Amino acid sequence: MTNNTITIAVDGPAASGKGTLSRRLARHFGLNYLDTGSLYRAVALIALNDNILLDDETALSHVAGSLSDDVLSDPRLREPGVGEAASKIASLIPVRETLLRYQRDRAETAPGAVLDGRDIGTVVCPEADVKLFVTASSEVRAERRYKELLSKGQDVTYDDIFAEIERRDARDSSRSAAPLIKAVDAHLLDTTNLDIERALDAAVYLVNQAIKA
Ligand code: CDP
């Protein structure tokens with residue numbers, strides 16, 4: 001705990017359920033919540049709309065430094081094509097550095113926050129009070145994301161979602177800048193056979209153990 005704030009870092013591969021879990025954890029502990037993937041997705045959405053090349057570091061870090069609340073709540077952020085473009089942009093160091101400041105500011109705002117992403121426990125908040133690494137089998141993750149997008153009326157197939165998730169995980173894990181990796185001191189939470197309520201119970205237990213210690 002720093003300056004009376006609590007930081008909970010939640011990382012994991014695509015569609016592992018970390019967003020839902022983090023939102024519920026934040027509500028349970030009365031903390032703020034930051035979906036850091038939405039920052040990368042917002043930069044990607046603007047790049048796609050404005051025809052900015054996905055390797056144009058200067059233009060994209062400028063975009064990253066001026067994200068509005070409107071773009072951060074745009075429903076198109078969840079589209080698979082935007083996730084794919086976000087993962088390409090996420091390998092650019094200037095973009096990551098610009099977004100790093102925003103994420104740390106949010107983490108340090110009282111009463112603290114749950115942040116979910118890929119590098120929260122390793123790079124953004126290495127001193128987090130609790131770190132969780134949430135995962136599930138590729139098949140289960142693809143199924144969950146497929147159902148989520150179908151329920152939002154999107155025209156998607158399971159096979160395309162499965163392929164997109166595998167491609168993104170491979171890119172996110174192999175990049176040199178802040179790759180997707182479990183922090184050594186993170187607790188592994190495999191939700192393949194857990195519904196959200198059981199995953200939440202397990203996460204609440206781990207957080208309570210850590211903040212009591
Ligand atoms: O919701 P989902 O797990 O599918 O993805 P997301 O968390 O919205 O992240 C979209 C993309 O942003 C990821 O594939 C990563 O490439 C990138 N990202 C990142 O590099 N670092 C973060 N802290 C969060 C997201």
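Tutor: A polar contact here is a pair of N or O atoms within 3.5 Å; within protein, one of the two must be able to donate a hydrogen and the other to accept it, and residues adjacent in sequence count only if both atoms are side-chain atoms. With that in mind, a polar side-chain atom of Arg-168 lies 2.7 Å from an oxygen atom of the ligand, a polar side-chain atom of Thr-36 is 2.9 Å from a ligand nitrogen atom, and an N or O atom in the side chain of Arg-118 is 3.0 Å from an oxygen atom of the ligand. Taken alone the ligand exposes 530 Å², of which the protein buries 98%, the accessible areas coming from the Shrake-Rupley method with a 1.4 Å probe, where for residues only the protein chains shown count as cover.

The model is a predicted one, in which local features need pLDDT of at least 70 and side-chain atom pairs count only at pLDDT 80 or more, while totals for chains, interfaces and linings use all residues. Residues are numbered from 1 along each chain as its sequence is written, and side-chain values use heavy atoms, with hydrogens and water left out.

Around the ligand there are 20 residues, the closest being Lys-18, Arg-41, Arg-145, Arg-168 and Asp-172; a residue is near a molecule if one of its heavy atoms lies within 4 Å of it. By class, this shell has ten charged, six nonpolar and four polar residues, where Asp, Glu, Lys and Arg count as charged, Ala, Val, Leu, Ile, Met, Phe, Trp, Tyr, Cys and Pro as nonpolar, and the others, Gly among them, as polar. The elements that give two or more residues to the shell are helix 2 (36-49), helix 5 (80-89) and helix 9 (158-174), and the largest share, four residues, comes from helix 2. Helices are DSSP runs of H or I with at least four residues, numbered from the N terminus.

The lining of the largest cavity has six charged, two nonpolar and one polar residues.
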